[in-house]
Amino acid sequence: MLKLGYAERILEVPLFAEMYGYGPFAGRRNLGTRDPLYCRAVTFNDGNKRNIIIYTDTCISCDLHARTMRAELAGLLGISPDGIMFIATHTHSAPLLKMGFPGAVGWGEPHPEFQKTWRDAVRKTAFEAVHSEEEVAAKAGRALLSQRLAHNRVDKETNETDPDIRWVSFSRKDGSVKLLLHNHGIHGIAAGGLMKCSADWMGEANRLIVERKLAEHPLFIQGAAGDQNTVRIGDDPDLNIRTIGMQYVADLEKSIASDGMKINVEPVQAALKTIELPTIQQTA
């Protein structure tokens, strides 16, 4: 029987920390908190093997940080480093977690205090998640969006966007949903006009999932979103975030109530590979 553990911590963002921008320009600094950023940890244990997902409300993960923490957690918890996955929600309203990289000037400078806060949260949430494991059963489904939440910024003629949400729920024996994993492909840029840290529309969706009691805990896994920008509803970023989050969760809730099929997620397996994708160099 699969056992699942969960833990979360709010990531405090220092005032005036630079946030990951929307292109090479500097100076977008945090002046407060619109909604909190989270570090979340989920463990999957089939009795023989345990895998962990470490989730962060940042734009991207950092390969160097991930490799360092993967080795540390493997030793601390006695598991294979292959089974430790780091993901980011792709909000552009969070500090840069990644170490400096060529051409990074203008995307926000990494903040040492935030990086330390993140490392501490990873250790604590992973440890707490392992010690909160309970038996669960899994169900999966797809939710068709009732209205478009994005536009294609590259192919404007066809305007192809991600049409649906994928989800997996993990329920206890009493029927309560411990974790709802949901996935969709849109950039987290609805909060772009705010000089405050924000988990963007993904954070709003996570908040509503808990508020509407669809699950005790939410976990958003970003889908491929290179061409997908959020629709713009007026000039108020806060309204954008709330509107997209409400529509998204309404469609998700409808699907969960009427759809879904039981799936078997055992045995727990993992593979860790480095793959270099083909790239084309572009000028500014």
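Predicted model: local features only at pLDDT ≥ 70, side-chain atom pairs only at ≥ 80, totals over all residues.

Residues are numbered from 1 along each chain as its sequence is written, and side-chain values use heavy atoms, with hydrogens and water left out.

**The whole chain**

The protein chain has 4 helices and 12 strands (DSSP runs numbered from the N terminus: H or I of at least four residues for helices, E of at least two for strands). Its radius of gyration is 19 Å, close to the 19 Å that the globule rule gives for 284 residues, so the chain is as compact as a globular protein of that length. That radius is taken over C-alpha atoms, and the rule is 2.2 Å times the number of residues to the power 0.38. The C-alpha trace spans about 50 × 45 × 40 Å along its principal axes.

Buried residues make up 51% of the 284 (buried is under 20% relative accessible area, exposed over 50%, partly exposed in between, with a 1.4 Å probe and protein chains only). Among contacts (heavy atoms within 4.5 Å) with a separation of 6 or more, 77% link residues 24 or more positions apart.

**Around strand β8**

Why is strand β8 (residues 164-171) described as largely enclosed by the rest of the structure? Because 7 of its 8 residues are buried. On one pairing, strand β6 (residues 137-144) runs antiparallel to β8 with 8 bridges; pairing needs at least two DSSP bridges between the strands. Alanine 137 has serine 171 in β8 as its bridge partner. Strand β9 (residues 177-184) is also antiparallel to β8, joined by 6 bridges, and tryptophan 167 partners histidine 182 there. β8 and β9 form a hairpin with 5 residues between them.

Most residues other than glycine have a negative phi, and most peptide bonds are trans.

| Residue | Phi |
|---|---|
| Histidine 90 | near 80° |
| Aspartate 200 | about 65° |
| Glycine 175 | about 95° |

Histidine 90 sits in the loop between β4 (84-88) and α2 (112-130), and is buried at 18% relative accessible area. Aspartate 200 belongs to helix α3 (residues 200-211) and is buried at 0%. Glycine 175 is in the hairpin turn.

Finally, a cis peptide bond joins glutamate 266 and proline 267, with omega about -5°. Proline 267 lies in the segment after β12 (261-263).
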